[in-house]
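Please look over the sequence and the model below before reading on.

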Amino acid sequence: MASTATPAPSAPAQAGSSELLRHLAAELRLLAARVRVSEPREPPEELDRERFWRRLNDAAVTVAREATTLTVVFRLPLPSPQETKGICERVHAAVKAVTAVYCALPRDQGITLRKLVRGTTLDIVDGMAQLVEVLLIAPAQSPENSDLISCNSVWDACQQVPQIPRDNKAAALLMLTKSVDFVKDAHEEMEQAVKECDPHLGLAHDSEEDSSGGCGGEDEVLGFPSSQDVHWSEEDRELIAPCLALVRASKACLKKIQILVAENGKKDQVAQLDDIIDISEEISPSVDDLALSIYPPMCHLTVRINSAKLVSVLRKALEVTKVKVRAGPWEGL
């Protein structure tokens, strides 16, 4: 007897609508896991960029459409197993098409660009899996509560595809912009904490308003810190100024690197840009570590260790940028 091909995903025989959805959710989670560990397939010929982005956009549009269909159809009473099977097969095929396009992006297009495409691809796959899982718990009853079952999150992820940078230089600039913004936010939060002299959400001020005297009494019974716990000592304050200066230097360093990449970077300097982004991405987490360590009760040793770590990262970022600049046709540096 000749065997017949079964469409992916192969659904359990005699399965009901809920079982089919549960099987689809599991298949989507497997797809997401494969995307996270997938290695790029080197194409036999040079990548057709225009065709690649067109395919990715088209695949994302199809996923968004299938997400809407799934949300509209899967209501009470549930659709028949035959109808559900067809919908599940289309959803799986649409999501798999998105992952296949991502996997076709070769490594020579840049690690930074691949990370951005992978991130958006995972948002789409995870969003659809979440939608299916929520539908299993609570099928849509009306258009008004369809947002509650994550259909919009799938749409949002699909709409991010046209916003992805189209080359590794643009991707590098986007990542540097994000890093600058992160460090800027950290610096502003540190300055605000110093200005208010109360980094723990104003607990000391609240307790003063709620009690007839001081910050002890009821607050200490409830386990809230006293005013001595949430304020800096004079010794602490001596460390805060240089920490703020170091964070400002971090922001300036990232901005300088961003400007150099924007003005002198070449699109074909893929490896050099990836190396610069790789070290630059260590700056923001190091700034966060330093910022968190200055909050009272302050451990001076931890502050000094985090400061030294940030200085080391900044020096390495500047050295790597200098080396990569010399390795390529960048001028005016």
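The protein chain holds 13 helices and zero strands, where helices (H or I, at least four residues) and strands (E, at least two) are DSSP runs numbered from the N terminus. Its pattern along the sequence is accordingly α-α-α-α-α-α-α-α-α-α-α-α-α. The model is a predicted one, in which local features need pLDDT of at least 70 and side-chain atom pairs count only at pLDDT 80 or more, while totals for chains, interfaces and linings use all residues. Residues are numbered from 1 along each chain as its sequence is written, and side-chain values use heavy atoms, with hydrogens and water left out.

The chain has 333 residues, of which 45% count as buried; buried means under 20% relative accessible area, exposed means over 50%, and partly exposed lies in between (1.4 Å probe, protein chains only). Accessible areas come from the Shrake-Rupley method with a 1.4 Å probe, and for residues only the protein chains shown count as cover. A contact is defined by heavy atoms within 4.5 Å. Among contacts between residues at least 6 apart in sequence, 82% join residues at least 24 apart.

Charged pairs come next. Side chains of opposite charge can pair when their charged atoms come close. The cut-off for a salt bridge is a side-chain nitrogen of Lys or Arg within 4 Å of a carboxyl oxygen of Asp or Glu. Over the whole structure, the search finds nine salt bridges.

Which residues are linked in a network of salt bridges? The members are R29, R36, D126 and E133.

Another salt bridge joins the side chains of D167 and K267, with an N to O distance of 3.7 Å. This pair links distant parts of the chain, 100 residues apart: D167 is in the loop between helix 5 (151-159) and helix 6, and K267 is in the loop between helix 10 (234-264) and helix 11 (270-280). D167 counts as buried at 17% relative accessibility, whereas K267 counts as exposed at 57%.

On the surface, D181, D185, E188, E189, E191 and D288 gather in a patch of negative charge. A patch is made of residues with over 30% relative accessible area and no salt bridge, with like charges joined within 9 Å and nonpolar side chains (Val, Leu, Ile, Met, Phe, Trp, Tyr) within 5 Å. Helix 6 (residues 168-196) gives the largest share of the negative patch, five residues. D288 is placed in helix 12 (residues 283-293), and D288 is partly exposed, with a relative accessible area of 33%.

Helix 6 also contains S179. Is S179 buried or exposed? S179 is buried, because its relative accessible area is 7%. Leaving aside residues up to four places away in sequence, S179 touches L254 and S280.

K85 lies in helix 3 (residues 81-103) and counts as partly exposed at 35% relative accessibility. K85 and G16 are 69 residues apart in sequence, while their C-alpha atoms are 8.9 Å apart. K96 is also found in helix 3, and K96 counts as partly exposed at 42% relative accessibility. K96 and L31 are 65 residues apart in sequence and 7.3 Å apart in space, C-alpha to C-alpha.

Towards the end of the tour comes a backbone detail. The peptide bond from P296 to P297 is cis, with omega near 0°. P297 is in the loop between helix 12 and helix 13 (300-327).

Technical notes:
Lys and Arg count as positive and Asp and Glu as negative; His and the chain ends are not counted. The place of a charge is taken as NZ of Lys, CZ of Arg, CG of Asp or CD of Glu.
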